[in-house]
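Biologist: Before we discuss details, please show me the model and its sequence.

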Amino acid sequence: MTTRTLPHVSPDVTPVVSMDMITKTFPVVKALDEVRLDLYPGQVTALVGENGAGKSTTVKILTGIYIPDGGTIRIDGDPISFNRPNDAANAGITAIHQETVLFDELSVAENIYIGHAPRTRFGLIDKAEMHRAAVKLLGEIGAPFSSHTQLRDLGIANKHLVAIARALSVDARVVIMDEPTAALSHKEIEELYELVEALKSQGKAILFISHKFDEIFRIADRYTVFRDGAFVGDGKIADISEAELVTMMVGRSVDQIYPERAHDIGEEVLKVVGYDHPTEFADISFDLKRGEILGFYGLVGAGRSEFMQALFGITKPSKGVCRVNGDIKVIRSPADAVGNGIVYVPEDRGKQGAIIGLPIFQNITLPSLGKTSRKGFLKLAEEFKLAREYSQRLDLRAAALDQDVGNLSGGNQQKVVIAKWLATQPQVIILDEPTKGIDIGSKAAVHEFMAELAAQGLSVIMVSSEIPEVIGMSDRVIVMRDGRIAAELVGHDLTPETLVRHAAGITKSTKGAAA
Amino acid sequence: MINTAQTRHVPDRLNSRAARLFKSWEALLLAVAIAIFVINSFASPYFLSAWNLSDATFNFTEKAMIAFAMALLIISGEIDLSVASIIALSSTAIGLALQFGAGTPELVIIGLTVGLLCGAFNGFFVTVLGLPSIVVTIGTMSLFRGISFIILGDDAFRGYPPSFSWFGQGYIYWVFTVEMLLFVIIAVIYGVLLHKTNFGRAVYAIGNNPTGALFSGIRVARVKFVLFLLTGLMSGVAAICLTSRLGSTRPSIATGMELEVVTMVVLGGVNILGGSGTIPGVVIAAFVMGLVTFGLGLLNVPGIVMSIFIGLLLIGVIALPRLWAMAATRRKA
């Protein structure tokens, strides 16, 4: 079985899993077109590609959720076919998904062993054995909580550890990590890297999917690049530069420099004074000028999104005043906010952004129905006109405007959400982690677009956890910590170091004091 | 991203209107309705009579009036199981008002008002307190009918004036009843409301993703409250028709009707989980249920067997497309 020669790949080790000529077609699109992917024991392979490149489909095929239309999957050189998710699990392939399904009402141990709990002689769940095994697993990954803890009581990072423990509990040989760091803070990401190293040393093959290049170059040994559902190339990370990888990924070289901005900042548009919330944030005051991009930086849980949702009328602040163009406005609901020209592009696109089940054009016109209708009666022609205009402006890629928005890739769904708000012609647009989980090519496009919106006189509030983005895009940055404004930075004060220091609450510039 | 040279052209529609119509649930349902009509006309010589068919419409007109409002409520992701009890309470209020010498206009106003108040009561608990509608309306289902029982006990209100009887017993022209006219008017109103207005669009948006709808600036609570009001109001209309047709009010009036209404809505292709469904679908479902009950009635099939048949029909029609799809994938594999 080692006689099979693999072009581009130095056959120093036999791959555990080898996908060859895999094709998967969906009614509207060809998701994968004869792609290949090899995973080696004790190595991390990064799967790199833009949104819609076919990464998620590949994961679903590897875990037996989708059945490929063509091609071969080999395990240790032997062809195998997965007909059910269980088949993949039995073959030792396990995945930690972007949004892992866990059960809030169950204990940590039950979450880890659900579906394959150890049994007693009578076929009942052997709780003692289950907890013993869970404690051992949790110890291996350094989890700081008991196996008896109810999942509901854990934070997002610890829930992630449970998901990892669950993946490892099946005695996996291949671990798939699909954007594992997306929801984690800086410190938690470091801990995850250590865990990945530990898994490597145990000889497990790891498929690592990430949009963050620093991450890929930090922990991956190999890379495989897909573009538009086709295989582009693979090799060792050591043999490639960041720029080369980006070029392979997007098929063109991407200018990673942030757009030049002509700073034509106008008069004050929005003024927030003393916004308080019983638990999430306190004493938030700032102003925002026409054409300005105001960055909001902070660690996960600093209260940025919670404040933005209060400003948008989703949650109610206990006190505080909001002025738009100098007039006090009472915002009790999103409808009030939209009426006053404040719109919000949420971080959670699937749940809060796009309305899956409604066609694309109806998603775009939903907040603008007042404009496209007459006396409350729909005017479809007007709706299509508006939807066409804004989908073109955002270069939306879709089969047709009457298709369910759920058929679109994540990046295109984001475009629909932004189009929806631009169509209302707002004064202030709040973008909550606008480039999270989208690929580098689309990221540059979002940045460019943001700069253009500001140039057209729109005021932008950008909540972001990515330091290069915050510094590259913002005219001014507000750093939040524990629900309060920790600092307002502009000009020369705006450096990665100052951002991190204020966000973490380190008063002096000591290094490595994160604890 | 903007004004690039190769700006893509995204077409408005992928399939033509005719193609979508042909593949729709309504088309399937219409075929079922026609089949039942044909079978019925062969099974009983009395079926194809204008007067018999006219009588048959009473099997569904009152239920359908509520079903239209219920369809909107279910599409929005809520449900109202108290509709039959609202009929009981509304009818009791009408009867009570009669004892105090109220005339027909007052009786109608009272019937509608009680319906609206009951709807507002349900809507308050669901939209203001945020309780699940299935629990709230199971509660009010007992509550509303319970009040009726307290007022009436074993008694009944009778002696409605002839002008009041017009609603449930009157004819507009030849075999066409007042209720039929009301059915058509209400169907058109709800069809327009759901399919042609901003309000209807909001109902669909809420049903598919209530959080997303809220985040899109839709006043979700207000829309849902209005839907509960409308369902209450339609129950009031049905109460007037039913009371007028029966000529008496007992606390057991319309018992179990809520399930028939929900059945009609689901049979009409409305997703019980919310998000999709059409008024034309519910109209056809109303005819299907009416034809089945009437046809079986002509064959002297007892009521209990009829409900078995309706149940099988519901499950069968809903399972059919799924079985179809499963067979198709199996053939492909």
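This is a predicted model: local features need pLDDT of at least 70, side-chain atom pairs count only at pLDDT 80 or more; totals for chains, interfaces and linings use all residues.

Biologist: How are helix 5 and helix 12 of chain B oriented to each other?

Modeller: Helix 5 of chain B covers residues 83-99 and helix 12 of chain B covers residues 220-246. Their axes lie 8 Å apart and form an angle of about 55°. Angles from 65 to 115 degrees count as roughly perpendicular and those under 35 as roughly parallel. The pair is therefore oblique.

Biologist: In which hand does helix 5 of chain B cross helix 12 of chain B, left or right?

Modeller: On the side of helix 5 of chain B, the contact includes B:Val83, B:Ile86 and B:Ser90. On the side of helix 12 of chain B, B:Gly232, B:Ala239 and B:Leu242 are among the partners. The crossing of helix 5 of chain B with helix 12 of chain B is right-handed.

Biologist: What is the make-up by class of the contact of helix 5 with helix 12 of chain B?

Modeller: B:Ile94 in helix 5 of chain B and B:Thr243 in helix 12 of chain B are among the residues that meet. Gly is counted as polar in this classification. The contact comprises seven nonpolar, seven polar and no charged residues.

Biologist: How are helix 9 and helix 14 of chain B oriented to each other?

Modeller: Helix 9 of chain B (residues 178-196) packs on helix 14 of chain B (residues 279-298) with the axes 9 Å apart and an angle of about 150°. The cut-off for this class is an angle over 145 degrees. Helix 9 and helix 14 of chain B are therefore roughly antiparallel.

Biologist: How many charged residues does the contact of helix 9 with helix 14 of chain B have?

Modeller: B:Ala187, B:Tyr190, B:Gly191, B:Leu194 and B:His195 in helix 9 of chain B meet B:Ile279, B:Pro280 and B:Val283 in helix 14 of chain B. By class, six of these residues are nonpolar and two polar.

Biologist: Which helix of chain B gives the most to the side that touches chain A?

Modeller: In all, 29 residues of chain B are in contact with 41 residues of chain A. Helix 10 (198-208) and helix 11 (210-215) of chain B each supply at least two residues of that side of chain B. The side of chain B divides into 12 nonpolar, 11 polar and six charged residues. With six residues, the leading contributor is helix 10 of chain B.

Biologist: How many residues of helix 15 of chain A are buried?

Modeller: Helix 15 of chain A spans residues 410-422 and reaches 18 Å from its first C-alpha to its last, close to the 18 Å expected. A residue counts as buried if 20 or more other C-beta atoms lie within 10 Å of its own. Helix 15 of chain A is mostly covered, with buried residues numbering 13 of 13.

Biologist: What distance separates the C-alpha atoms of B:Ile147 and B:Thr92?

Modeller: B:Ile147 belongs to helix 7 (residues 133-152) of chain B. B:Ile147 is partly exposed, with 16 other C-beta atoms within 10 Å. B:Ile147 and B:Thr92 are 55 residues apart along the chain, and their C-alpha atoms are separated by 9.0 Å.

How values were computed
Residues are numbered from 1 along each chain as its sequence is written. Chains are lettered from A and ligands numbered from 1 in the order in which they are written. Axes are lines fitted to C-alpha atoms, for helices over the stretch in contact, and angles run from 0 to 180 degrees between N-to-C directions. Helices (H or I, at least four residues) and strands (E, at least two) are DSSP runs, numbered from the N terminus. A crossing is left-handed if the near helix is turned anticlockwise from the far one by less than a right angle, and right-handed if clockwise. Two residues are in contact if their C-beta atoms, placed from the backbone, lie within 7 Å. The expected span of a helix is 1.5 Å times one less than its number of residues. A residue is buried if 20 or more other C-beta atoms lie within 10 Å of its own, exposed if 12 or fewer, and partly exposed in between; C-beta atoms are placed from the backbone.
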